[in-house]
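Reader: I would like a close look at a single part of this model. Please keep it brisk.

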Amino acid sequence: MVIGRILGISGPTVSTDLKGLRLYERVSVGQSMLTGEVVRLEHDRAVVQVYEDTRGLAVGEPIKGTGLPLSVRLGPGLLAGMFDGLQRPLKQLKEEMGPFITPGREMYGLDYQKRWVFSPMIKSGAETGPGEILGSVEEGSFRHFLFCGPDSRGRVSQIREGAFSLEEPLGEYEGGREILGCHEWPVRSQRPYRKKFPPSGPLVTGQRSIDFLFPIARGGTAIFPGGFGTGKTVLEQSIAKFADVDVVVYVGCGERGNEMAEMIEEFEDLKDPWTGRRLMERTILVVNTSNMPVAAREASIYTAVTMAEYYRDMGYHVLLLADSLSRWAEALREISSSLEEMPGEEGYPTYLASRLSGFLERAGVVETLGGRIGSLTMVLSVSPPGGDFTEPVTQACLRTTGAFLMLDTALAQSRHFPAINWGQSYSLYACELGGHYREKVSPEWEILQKRCREILQKEEALREVSEIVGAEGLQDIDRLLMLIAEKIRTGFLSQNAYSEDAFSPPRDTCGLISRIFQFYDRALEKIKQGISFEEASQTEDQV
Amino acid sequence: MRLSEHRYNTISTIAGPLLFVQKVFSARIGEVVTVTSPDGVMMDAEVLEIEGDTVMIEVFGETRGLDIGKTSVCFTDSVSKAPLSQELIGRIFNGSFRPVDSMPMFIPEKWTPITGSPMNPAARARPEEFIETGFSVIDGLNTLVKGQKLPVFSSAGLPSKELVAGVLKNSRLSGKGNTFIVVFAALGLSFHEYSYYMRVLEDMKTGFVAFINSADEPVMERLLAPRFALTVAEYLAFEKGMDVLVVITDMTNYCDALREISTARQELPGRRGYPGYMYSDLASLYERAGRVRGMKGSVTMLPVVTMPEDDITHPIPDLTGYITEGQIVLSGKLHRLNIFPPVDVLPSLSRLMQKGIGKGSTREDHRKISNNLYKYYARGRDMRRLEAIVGRDGMTEKDRKMLDFADSFEGEFVNQSAGRRTIAETLDTGVSLMKRFSLEIR
């Protein structure tokens, strides 16, 4: 193997004289074998971005190429796992090196020793193509389908049954090639599928304000930007707990370590409300906290989305949650500036928007290569500096995402959670999903939704008037409207994430709002008959 | 490992704090370097960038008087490390870890790199043990727990140092038997403030370690002092099992130092001239707070941030707020009303409070009381806006009651010039206040 030398070091980027490297190839840097990726090639040198702390690295130390791009390993054993941005398992790292992560330690995301019980679903002699399902193993209480890697094709000459580890072949193709239970996939390339469909069908989150006003579709993308303290993380975690999907991949991208610790402990105890299984059994965590290396933070969302696509390819519904995309963009900016690239808006590289849309387009409903239907939905938080939504990351996201759930500092300060601003948020899926909810939940769904929006809109206008003339100065009908709007805000839209009410199935959501409107209609009737506002609202309260 | 000392006289350029040295053999990034001026003054420096055999180093002290030719540079082959020993306790150091209390340097037990290594998120324990600070507005509404990082957002002229001093004096930990230590890092402090803090520290019964960088000392030391402080804190917490409270004041001076150094390095400026990596840099300090599963000690952090122009969206408080687990915001308005501590309850927040309060740690009704107090006070504050428009006489009796509640809440619950309150006293004060206004506690 050819070994090169380090020529120069600047922050996380290292230049080398190693020849024969390819762009985005994974390399091992220095005596302590740090992981890096080739980001630029010139005629006599290559520039490598290092994923770990470069402190202590010296000029002249060796660099080796691996011939492969940065990849993740895909196979059974990912669920309930916790990985860093390079798919190193954090629990095993802890056992090996104690509570602090020191650089220069390669470790595989999969356990190659563990034995899985394989039950084949094809017979020997079958003709298989890429993505075709071969059989399944039990991953916890989850059925994990094993399928041919995207580049394998051929007639199966032999297939085994029973316990095997990931190092042993499951069988053979004609010609002697082994069939393996796991494969590698480069994180920056989208996994192939047969056909893509537009987002369809709701992804129920259990959050009334999302499901009812701004629904998210399976295969869709949603962002919620918000300043600090607006409850982004709590909302992301609530969705991770309650969403009706098969698999959740959660990326803690440049966020707080203590929050992740809290989440891990909670997910071990809690149960999935849809299946009753332990939440952790359907969850994969990718954690790159803010003090872990910046370059690995940039890679972490790709690592996560590749694992999510892998489960999608089995025909499952997968949800990818990332907290927060802004930290990813900042990592991109740091790397770009250490490469001395020309900066664009606010110092972000000019390719920020295209990278972002490339990432967001990996969501969708697809027909997999094996002919199943799977979906990948993305719900991402954005942390705009100073709570200013005109900044480049939010704006770049808006071009490709289907739902924009704006978190409002004023609402958060009045302890209205989730602090989703109903005036400025939108969901492009609302029309389509309204029809679905009308059929599946209640024929009134869309009517109620429309009325609810109207009331909130009118309240906005009335509130300005009432601030000048006082609540008593309003007409009775308007006072009633204000009262109803308050009921909607406090009793319906806000949900305490730390109580029983944290999860609200669509049927309950619909029941609650229709009760509020029944009350409204009755009181309105009375006021029209000449009964005063106080009386009309009082008597009803007792009912 | 090099066997001999590497000394060079090959400086090619000197620009501000930066030196370029040529023909250097095998330098390391982050390596500590000693620069000796023609007059024999020695200064620490660090390797910033290497390109072939040309090395860019940054000098921590004043580069005045250096020259090209006679100035020599010695490479040590080691990244910057902190000397550690339990004898640190009770000592005062400057921003370069030299004693300034006219006692000799101690003999270190070990040396550890000052940048630390990131804590494995899988090894972290959830912070949930209550710390009683003695201030109602913190204990009752924005509870601090062990392993949390909770900054104080202050403005020029507000008594942040009295608040911090109060916390230092009055803090009690739940759980007995553990040693409680304060590690104090002063960055760019005026002599006036410095002497105030030293008086407080010397009065403390529990031990302390102080790192002092005063306003006229090298800017580079402002970037080092908090790292020394946190390395010491991690050592005392995770190797000696102590509960450590790290107080850093003032993070605004830290960020300004970061900006100054970044400009000298000719890096691209970001928002308001602060470098684009400021978030990651601040996180590399703040994230060192925490607890480890299966270990006794903890690192809790209480940084002070002075908001420039009283603006919470300024990059320094903004990025801090995105990393820390809440914030205590001081208000000039309350201060002018002679309320101490002048904490504005509405924008203040403790994210880790939910797990630290309730049965078993504080009191079963803590959550209920705190939610209600917040709710009524928020409503009272809303009413003040209404009052400004329609006047007190134009309001209903119910609204007037909320108005009065807000005033009494500030005057009696938030304000406690009389001294420390236990958590039980805090909660009782809250309950009796709500009862007096016959407000329902739901």
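In which helix of chain A does A:Thr303 lie? Please go on from there to the sheet and the helix contact.

Author: This is a predicted model, where local features need pLDDT of at least 70, side-chain atom pairs count only at pLDDT 80 or more, and totals for chains, interfaces and linings use all residues. Residues are numbered from 1 along each chain as its sequence is written, chains are lettered from A and ligands numbered from 1 in the order in which they are written, and side-chain values use heavy atoms, without hydrogens and water.

A:Thr303 lies in helix 5 of chain A, residues 294-312. Helices (H or I, at least four residues) and strands (E, at least two) are DSSP runs, numbered from the N terminus. A:Thr303 is buried, at 2% relative accessible area. Buried means under 20% relative accessible area, exposed over 50%, partly exposed in between (1.4 Å probe, protein chains only). Beyond its neighbours within four places in sequence, A:Thr303 touches A:Val72, A:Gly85, A:Gln87 and A:Val187. Contact means heavy atoms within 4.5 Å.

Now the sheet. Four strands of chain A form an open sheet in the order 10-13-15-16, paired antiparallel. Strand 10 (127-128) and strand 16 (178-179) are at the edges with a single partner strand each, so one side of each has no neighbour in the sheet. Two strands pair if DSSP finds at least two bridges between them. Strand 13 (residues 154-159) and strand 15 (residues 171-173) of chain A are joined by three bridges. One bridge pairs A:Ile159 with A:Gly171 of strand 15.

Last, chain B. The axes of helix 4 (residues 220-238) and helix 6 (residues 278-286) of chain B come within 10 Å and cross at roughly 35°. Axes are lines fitted to C-alpha atoms, for helices over the stretch in contact, with angles from 0 to 180 degrees between N-to-C directions. Helix 4 of chain B contributes B:Pro226, B:Arg227 and B:Leu230, and helix 6 of chain B contributes B:Asp281, B:Ser284 and B:Leu285.
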